[in-house]
Amino acid sequence: MNKFRKQYSIFVRKIYYKIKFRNIEKELPKIKNNIETINELINTEKSIIRFGDGEFFFMEGEDLCFQEYNKQLAEMLKQIFYTDIPQLLIGTVWLYYGYKKDLRYSVYKYILKFLKEKHNKSLKYYNYNKTYWSSFISIPFSQYEKYPYEEHYTEIRQIWDSKEITVITGDRVYENIKYNIFDNAKEINYIYGPTTNAYSQYEELKQKILNIPQNNILIFALGPCGKALAFEAFSKGYRVLDLGHIIKDFDAYNKAINMTEYEVRECLKIFFDSD
């Protein structure tokens with residue numbers, strides 16, 4: 001698609017959004033944006049567990065490409081989403097509402113598809129007396145064509161700067177990573193689970209996690225299973241950060257600095273593949 005056609009298509013979709021979904025934000029509780037969410041995590045010792053579209057699909061009984069549906073895990077996710085504890089931020093799909101500018105073309109298309117097919121199903125999970133936070137703090141590069149990426153990553157890295165952390169992630173996530181977003185931590189430890197169907201090793205992973213000293217910040221990038229593990233650890237007194245795709249997003253951004261537009265598109269295709 002050439003540049004003019006792409007811009008025209010985005011313009012049409014933007015108008016369609018304003019007409020079709022102009023009242024959609026009125027149906028939702030308060031959702032804080034990326035900046036507000038990062039600032040809250042920097043200035044407090046609060047934890048965060050993020051819910052994206054995949055978690056809503058999963059709670060509705062759908063398989064994900066990296067996790068087969070499991071009723072017990074789905075119920076655990078619902079329990080977490082319903083939780084209202086001041087020290088635990090629950091992230092949700094802030095980016096999908098209010099039509100943000102400068103999104104990537106594929107993201108524009110996907111948002112409209114989500115709103116048309118899935119939005120009404122997701123509404124039942126929200127507590128309208130509660131404030132939610134942005135799930136998209138972990139994926140600015142994959143979502144935006146224009147964005148203050150460097151400022152965003154610099155800010156979010158402050159959360160674990162010079163601290164001891166343990167990263168709980170899939171066993172193949174780091175295979176092609178060149179730029180490690182956590183390299184400013186004082187000490188990094190890793191616990192690896194299966195990239196696909198990690199819930200099959202839930203108990204073994206839980207035992208490893210609960211043996212980590214509590215001065216460690218626990219950072220999770222392990223899909224729905226990681227969110228359930230994060231909640232268990234949070235309940236035991238750990239600070240937990242469920243940051244999902246941030247490992248790949250930061251790496252993709254740094255690699256893309258010297259890439260052509262075509263190479264960036266190919267990089268993003270890899271990003272959205274399951275690990």
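## Exercises on salt bridges and a surface patch

Ile-19 is found in helix H1, which spans residues 3-20. The model used in these exercises is predicted.

**Exercise 1.** Is Ile-19 buried or exposed? Which residues make the nonpolar surface patch?

*Solution.* 
- Step 1. Take the cut-off: exposed means over 50% relative accessible area.
- Step 2. Ile-19 has 55% relative accessibility, so Ile-19 counts as exposed.
- Step 3. Ile-19 belongs to a nonpolar patch with Phe-4, Tyr-8, Phe-11, Val-12 and Ile-15. The patch covers about 660 Å².

**Exercise 2.** Which parts of the chain does the pair Arg-50 and Asp-242 tie together? Are the two residues buried or exposed?

*Solution.* 
- Step 1. Check the contact. A salt bridge needs a side-chain nitrogen of Lys or Arg within 4 Å of a carboxyl oxygen of Asp or Glu. Arg-50 and Asp-242 meet at 3.9 Å, N to O, in a salt bridge.
- Step 2. Arg-50 lies in strand E1 (residues 47-50) and Asp-242 in strand E7 (residues 239-242), so the pair ties together parts that are 192 residues apart in sequence.
- Step 3. Judge the cover. Buried means under 20% relative accessible area. Arg-50, at 9%, counts as buried. Asp-242, at 2%, counts as buried too.
- Step 4. Look for further partners. Lys-227 is linked with Arg-50 and Asp-242 in a network of salt bridges.

**Exercise 3.** Where do Glu-60 and Lys-124 lie? How many Å separate their closest N and O atoms?

*Solution.* 
- Step 1. The closest N and O atoms are 2.8 Å apart, and Glu-60 forms a salt bridge with Lys-124.
- Step 2. Glu-60 lies in the loop between helix H3 (53-59) and helix H4 (71-82). Lys-124 lies in the loop between helix H6 (119-123) and strand E3 (133-134). The pair therefore ties together parts that are 64 residues apart in sequence.
- Step 3. Glu-60 is partly exposed, at 31% relative accessible area. Lys-124 is exposed, at 52%.

**Exercise 4.** Which helix holds both Asp-251 and Lys-255?

*Solution.* 
- Step 1. Asp-251 and Lys-255 both lie in helix H11 (residues 246-256).
- Step 2. They sit four residues apart, about one turn of the helix.
- Step 3. They form a salt bridge, with the closest N and O atoms 2.7 Å apart.
- Step 4. Asp-251 is buried, with a relative accessible area of 4%. Lys-255, at 26%, is partly exposed.

**Exercise 5.** How many salt bridges does the count give?

*Solution.* 
- Step 1. Opposite charges on side chains can pair when the charged atoms come close.
- Step 2. With the 4 Å cut-off, the count comes to eleven salt bridges.

Definitions and conventions:
Residues numbered from 1 in each chain as written. Predicted model: local features only at pLDDT ≥ 70, side-chain atom pairs only at ≥ 80, totals over all residues. Heavy atoms only, no water. Helix = DSSP H or I, 4+ residues; strand = E, 2+ residues; numbered from the N terminus. Buried < 20%, exposed > 50% of the residue type's maximum accessible area, 1.4 Å probe, protein only. Patch = residues over 30% accessible without salt bridge, like charges linked within 9 Å, V, L, I, M, F, W, Y side chains within 5 Å. Areas by Shrake-Rupley, 256 points an atom, 1.4 Å probe, with all protein chains shown as cover.
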